[in-house]
Amino acid sequence: KGIKDPGAAEVLGRLAEAGYEAYLVGGCVRDAVLGRSIKDIDIATSALPEQVMEIFHRTVPTGLQHGTVTVLMPQGMYEVTTFRKEAAYEGFRRPASVAYISDLTEDLKRRDFTMNAMAMNVAGVLQDPYGGQADLAAGLLRCVGIAEERFGEDALRMLRCIRFASTYDLEIEASTWQALLANAPLLRHIAMERVRSELQRMVEGPAPARAVRLLLASGLLANLKKQLPLPYEAWLAWDDALDVVSALEEQHDRWAMLLMLLEVPSDVVRAALQDLTFSRADGTAVAEVLALREAIAAQVAVEDPAPLERVWKLGAVRRGEAAARALLRLLRELPQVEGKRGRLARFLEETAPALLRRGEAWLKEVPCFSLKELAISGQDVAVALDRQPGPWMGRLLQDLLERAALGEIPNEREALIDAAQAAK
Ligand code: ATP
Ligand code: MG
């Protein structure tokens, strides 16, 4: 027993020597109780921020407005926050002001869920005034205090609720769930960046299907309609398919799978991901997979190997080899799914089997996927044709790339220059 992290033990010990109370709090205590590995360590203390800064040599005032000082120890960084209570929440997100207090129990009371409202002293003794340990043992996620009030104070807690329920495999306690249903409309007040960060942790975590189902059942997703106009009902038709999402290891694949099941045009998906504050690179990686599938579906109605091969290879060049390989990973997970519906179902029945059989081998036959891999450069073409560079060059190079990719001309300098001259 006792705290295994020597740096944390040192911080708690020095605070205690100086006459203050100090505890580990929040996620690290929860994870310790569950026997899980601990990420970051948060410490709560009766010392005021300036007192914390006097005790330790190396500190950074990372969040003075809410009483947080980061203490730098040889072992790592520790966030030390003065016991506080939160007053007057504004705008359904975080309190307008905080007041320092001297009582741990009062500090734990402002925390979101009972399992996050436990503290541990340097000897490893648990302080658990709201029954977090019992709830964890029963597999329950429960708000501290009156759930209705807690979600009304800070609407982000509703997303945290679903994130914790899915990632820790917990049932949401009845009154907490009722409060979530009642307060779901408040979600529209939460900044997209926060929404994205929580959704990302759900989708990229251990139980994305359960998270999506809870988001649908709670009405939280429906309340994001204005910001994210996606046809969420489509997921109900693909309920079984949601389970295969967790079989995908790559995070982009998970998003691509979910969004493919919604059957939203790829440009809408691209815009939605950008509105969700995903990086441009993330948004593009996902949207290109969907765009590739659309291009194939639009051109190959019936399974017919010859045109499919051409459409697939061209698609892989236009959308990128990475997108092509990602699409194959998605399709590999989907045949097991029952109850397929809609246009996507036709694609899965008619086109996907052929792609799964031949797609990989076809990609191996493609000698070049990008202009970088083409055996000549724009400079070479300009010299060979004795022409000033201009928009014509990009079009010509793309044409040469696609023909070389399809094997119509060899990816060799001489042959490509001949083809460029003939095309002129
Ligand atoms: P993880 O780091 O795995 O997301 P965590 O519980 O440590 O889990 P943090 O966001 O790091 O979550 O917050 C640390 C602690 O602060 C929480 O355990 C909880 O006690 C409290 N807390 C965080 N966000 C809120 C919130 N929106 N409302 C109330 N308490 C919160
Ligand atoms: Mg944490």
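## Ligand shell

Ala, Val, Leu, Ile, Met, Phe, Trp, Tyr, Cys and Pro are counted here as nonpolar, Asp, Glu, Lys and Arg as charged, and the others, Gly among them, as polar. On that basis the shell around ligand 1 holds six charged, three polar and two nonpolar residues. The model described in this report is predicted.

The shell around ligand 1 consists of G26, G27, K39, D42, R111, D112, N116, A117, D154, L156 and R157. Both domain 1 (1–129) and domain 2 (139–227) supply at least three residues to this shell.

## Domains and annotations

Four domains divide the chain: domain 1 (1–129), domain 2 (139–227), domain 3 (257–365) and domain 4 (371–423). Taken over C-alpha atoms, the centres of domain 1 and domain 2 are 25 Å apart. Contacts between these two domains involve twelve residues of domain 1 and 16 residues of domain 2. On the domain 1 side, the touching residues are five nonpolar, five charged and two polar.

Residues 364–420 are 58% helix and 0% strand, with 25 Å between the end C-alpha atoms.

## Nonpolar core

The largest nonpolar core contains 118 residues, and L24, I43, A119, A256 and V286 have the most contacts inside it. Helix α15 (residues 280–299) provides the largest share of this core, at eight residues.

Leaving aside residues up to four places away in sequence, L24 touches I3, A8, V29, I41, I43, A119 and M120. Two of these partners, I43 and A119, are themselves listed with L24 among the core residues with the most contacts.

## Strand β4 at L72

L72 belongs to strand β4 (residues 68–73). Is L72 buried, exposed or partly exposed? L72 counts as partly exposed because 14 C-beta neighbours lie inside 10 Å, and a buried residue would need 20 or more.

Beyond residues up to four places away in sequence, L72 touches R58, T59, V60 and M77. For R58, the separation from L72 is 14 residues in sequence and 5.4 Å in space, C-alpha to C-alpha.

## Positive phi angles

Most residues other than glycine have a negative phi. Two residues that depart from this pattern are described below.

D169 is not a glycine, yet has a positive phi of about 50°. D169 sits in the loop that runs between α7 (156–167) and β11 (171–172). D169 has 12 C-beta neighbours inside 10 Å and therefore counts as exposed.

E263 is also a residue other than glycine with a positive phi, near 55°. The loop between α13 (251–262) and α14 (266–275) contains E263. Which class does E263 fall into, buried or exposed? E263 has 20 C-beta neighbours inside 10 Å, so E263 counts as buried.

How values were computed
Residues numbered from 1 in each chain as written. Chains lettered and ligands numbered in written order. Predicted model: local features only at pLDDT ≥ 70, side-chain atom pairs only at ≥ 80, totals over all residues. Helix = DSSP H or I, 4+ residues; strand = E, 2+ residues; numbered from the N terminus. Near = placed C-beta within 6 Å. Domains from an automatic or database assignment. Contact = placed C-beta atoms within 7 Å. Core = buried A, V, L, I, M, F, W, Y, C linked by C-beta atoms within 7 Å.
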